[in-house]
Amino acid sequence: MIMSRFNKEDMQRRLLQRVLSIIIFIVCVHGEVYSKPFPEPYEDDWGMIDWEEESEDIYQLSGFLEMASGVRLSNDPIIGTDKTLSDLRLQVQFDYDLQASQFSFVSDAYFDGVLEQTRINIREATWEARLGFLGAWGNRFDAKVGQQVLTWGTGDNVFLNDLFPKDFQSFFAGREVEYLKSPSLSAKVSAYFDVFNLDVVLTPEFEPDVYINGDYFSFFLPTAATQVALGFDVTPPLRPQSPEYALRLYKSVGTSEYAGYFYSGFHKSPNSLTQDYRPTFSSLNVYGASFRTTLGNGIFNAEFAYYDSVDDKNGDNPLVPNGQARWLLGYEQEIVGNLEGSLQLYTESILDHQALIQNSLTPKFEPKQHRVWFTQRLRYKGMQQALVLNAFNFYSTTDKDGYLKVSAEYSPVDLWRLSGGLNI
């Protein structure tokens, strides 16, 4: 929502006052607090003052203050600014442990200097519990309800069966990697049995990705055959308000883990069009499986996902993405002391590709039927893990294109950390 200049400045001033108060509080208590309700004293039969037994309730408060900045290495005249990142962020974390459950709260208050907006982002506000109060049967179930970041699958920055929302604007802008995974208001129930384990997630209202929309980066628009920066947001009714369902069935056998997945909802980015060519989200079902095991001195993983484009069963609707089959193979291990490496091979095949080309509005801009991506990661930890160097590279042999993300972090003490990176 865009506010008037007066309201915006007033809100920023009040927010700054609250932020400073919280910073002063955190500094005064040295960053982290563990507190309990203070017990009430009582007088015993001998007239002596004693104290009641301490409560089991435990509170934990922590947080951090972060300043982050990023600039383009090359000019993008469509955007009109060299800044990709200019954040002043305060994150506050609060946990409240009860005897049989826990409440967790994580919130970011930050000023985005690129968009010149002050934002509040609640990353977690959940209640989590083992359902033992339902009896012996309930001890097999856990529940977690509220705003939360969810993830599963075996890929490293490659997502096949993980259809939970992602923040690609933060990823490419250079924010911390944790912000790639975006929160959703969901209920998760986990069940644990001898034969298998089960996770079921219900998101009452569809939560899309934070997609590239022109706010920070321009993008190619096939129907215009050019780069654009429209700065658009798809809102209801073009953004569905129906629920999403996700399920994972998994089992560990020795050093191997097997999993099956199901998702019912919508494409997470608005890559479909209405009849009057407005962006929207089309229906999507996903069926998949994964396998992970030790191999040699490392870990091998494989994953498959079938994307059923519900609104384009035959692949001849040019306004809706075709179905796809996606595969992933990966391997990671420690190469030498403190140096880890990993490789991934990712492929996706568009189903009914010929029907797509024959009916497309822009056939020359359609992707190839089969696309292949390789990823490589190197991570080094030195100086007793105070220094972390990381390099992650995407390269497509079919698209003849790539993306390299390198970073360095130095944290000699727990109270502060300095990090820098480069995205090419």
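Trainee: Is Lys400 buried or exposed?
Mentor: At 62% relative accessibility, Lys400 sits above the cut-off, since exposed means over 50%. Keep in mind that this is a predicted model. Lys400 therefore counts as exposed.

Trainee: Where is Lys400, and what is its phi near?
Mentor: Look at the loop between strand E22 (387–396) and strand E23 (401–413), where Lys400 is found. Its phi is positive, in a residue other than glycine. The value for Lys400 is near 55°.

Trainee: Asn157 has a positive phi too; is Asn157 buried or exposed?
Mentor: Asn157 lies in the loop between strand E8 (141–148) and helix H2 (168–173), with phi near 60°. Its relative accessible area is 17%, and the cut-off for buried is under 20%. So Asn157 is buried.

Trainee: Which peptide bond is cis?
Mentor: Head for the loop between strand E12 (226–228) and strand E13 (244–253), the place of Pro237. Omega is near 5° there, and the cis bond runs from Pro236 to Pro237.

Trainee: Which side chain makes a polar contact with the side chain of Asn285?
Mentor: Start with the setting: Asn285 lies in strand E17 (residues 283–295) and counts as buried at 17% relative accessibility. Leaving aside neighbours within four places in sequence, Asn285 is in contact with residues including Tyr263, Gly265, Tyr306 and Asp308. The polar contact, at 3.1 Å, is with the side chain of Ser264.

Technical notes: Residues are numbered from 1 along each chain as its sequence is written. This is a predicted model: local features need pLDDT of at least 70, side-chain atom pairs count only at pLDDT 80 or more; totals for chains, interfaces and linings use all residues. Side-chain values use heavy atoms; hydrogens and water are left out. Helices (H or I, at least four residues) and strands (E, at least two) are DSSP runs, numbered from the N terminus. Buried means under 20% relative accessible area, exposed over 50%, partly exposed in between (1.4 Å probe, protein chains only). A polar contact is a pair of N or O atoms within 3.5 Å; within protein, one must be able to donate a hydrogen and the other to accept it, and residues adjacent in sequence count only if both atoms are side-chain atoms. Contact means heavy atoms within 4.5 Å.
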